[in-house]
Amino acid sequence: MKTQSENRCFDGVQGVYTHASKVTGCDMTFGLFLPEEAQIGPVPVLWYLSGLTCTHENAMVKAGAQQWAAEQGIALVFPDTSPRGDAVADHDDYDMGKGAGFYVNATQNPWSPHYQMWDYLAQELPDLITANFAVDGDRQAITGHSMGGHGALTLAMAHPGRYASVSAFAPICNPTGADWGRKQLQAYLGEDETTWARHDASRVMAERGFDGPVLVDTGTADQFIDLLRPETLMQAAAARRQQGAFRMQHGYDHSYFFVSTFMEEHVAFHAQALYA
């Protein structure tokens, strides 16, 4: 693992690191914020999964999360959204290929050799971080934005007991029923739609839900709201009486101005669960 940068930030350290991933078959880069308390011992961790076109850097720079994480004594992990490198398959469309891994394990060519983002985030990167940094692997929470909100929700519901809480900003809620999803799931996973279901937050919510609190915010002025389909997740959660809050925030769009506005509430929400 190579250190790309480390900067003092709210009395902690914001680092950027690169490592060779066996899962994705290429070098991967991630951001990690460690609060001051990590100098004493392992701290709880909040994962932040980013959206389409993003790298590890977008949320690290724009979300304003470090201040609130420092106040709560929580580490933040900012993974990349896809494999990278000259040998990694790409696509001319912004919502396919690099920057658009959709947090799945691809089974179809040309994507399958490298696009194994589910296993990377569910196993390899958590193991690497807990082995090398003062992070408590038994106290984890997860959040994300847009495509990352989809990833956060599906990963959380697929791993009962791992995450104390899950939240999302403008998540893609029903990818099997929208153009942001069907196109990518077909390309990455193939024609058999039964293999898509585990990556649809609304369908997984209806089937099993989450074993903890959920917080989801979406803006009423989100320019992509017809692709996000927040009503499908709300209906599934209501039907199973899921513990959580599913909020429509008046006038907000899909940008990081929206994310940063509600970041303090999301970090506090996770802190309450992590320190319970």
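This is a predicted model: local features need pLDDT of at least 70, side-chain atom pairs count only at pLDDT 80 or more; totals for chains, interfaces and linings use all residues.

Biologist: Which residue in β3 is the bridge partner of Gly-15?

Modeller: Strand β2 (residues 12-21) runs antiparallel to β3, with nine bridges joining the two. They make a hairpin with four residues between them, and Gly-25 in that turn has a positive phi of about 70°. In β3, the partner of Gly-15 is Leu-32.

Biologist: How many residues of strand β3 are buried?

Modeller: Buried here means under 20% relative accessible area, with exposed over 50% and partly exposed in between (1.4 Å probe, protein chains only). Strand β3 covers residues 26-34 and is largely enclosed by the rest of the structure, because the number buried is eight of the nine.

Biologist: Which strands stand at the edges of the sheet?

Modeller: It's an open sheet of nine strands with mixed pairing, in the order β1-β2-β3-β5-β4-β6-β7-β8-β9. A strand with a single partner has one side left without a neighbour in the sheet, so the edges are β1 (2-9) and β9 (244-249).

Biologist: Which residue in β2 is the bridge partner of Asn-7?

Modeller: β1 and β2 are antiparallel, with seven bridges between them. In β2, Asn-7 is bridged to Gln-14.

Biologist: What angle does the direction of helix α2 make with that of β5?

Modeller: Axes are lines fitted to C-alpha atoms, for helices over the stretch in contact, and angles run from 0 to 180 degrees between N-to-C directions. Contact means heavy atoms within 4.5 Å. Helix α2 (residues 65-72) packs on the sheet and touches β1, β2, β3 and β5. Its direction relative to that of β5 is about 145°.

Biologist: Over to the loops: is Thr-24 buried or exposed?

Modeller: Thr-24 lies in the loop between β2 and β3. Setting aside neighbours within four places in sequence, its contacts include Pro-83, Pro-113, His-114 and Tyr-120. With a relative accessible area of 0%, Thr-24 is buried.

Biologist: What is the relative accessible area of Met-96?

Modeller: Met-96 is in the loop between β5 (75-78) and α3 (117-132). Not counting residues up to four places away in sequence, it touches several others, among them Trp-111, Lys-183 and Tyr-188. Met-96 is buried, because its relative accessible area is 3%.

Biologist: Last one: how far is the sulfur of Cys-54 from the closest cysteine sulfur?

Modeller: A disulfide is a pair of cysteine sulfur atoms within 2.5 Å, and by this rule the count is zero. Both cysteines are buried: Cys-54 has a relative accessible area of 6%, and Cys-173 has 1% relative accessibility. The closest sulfur to that of Cys-54 is in Cys-173, too far for a bond, because the distance is 17 Å.

Technical notes. Residues are numbered from 1 along each chain as its sequence is written. Side-chain values use heavy atoms; hydrogens and water are left out. Two strands pair if DSSP finds at least two bridges between them.
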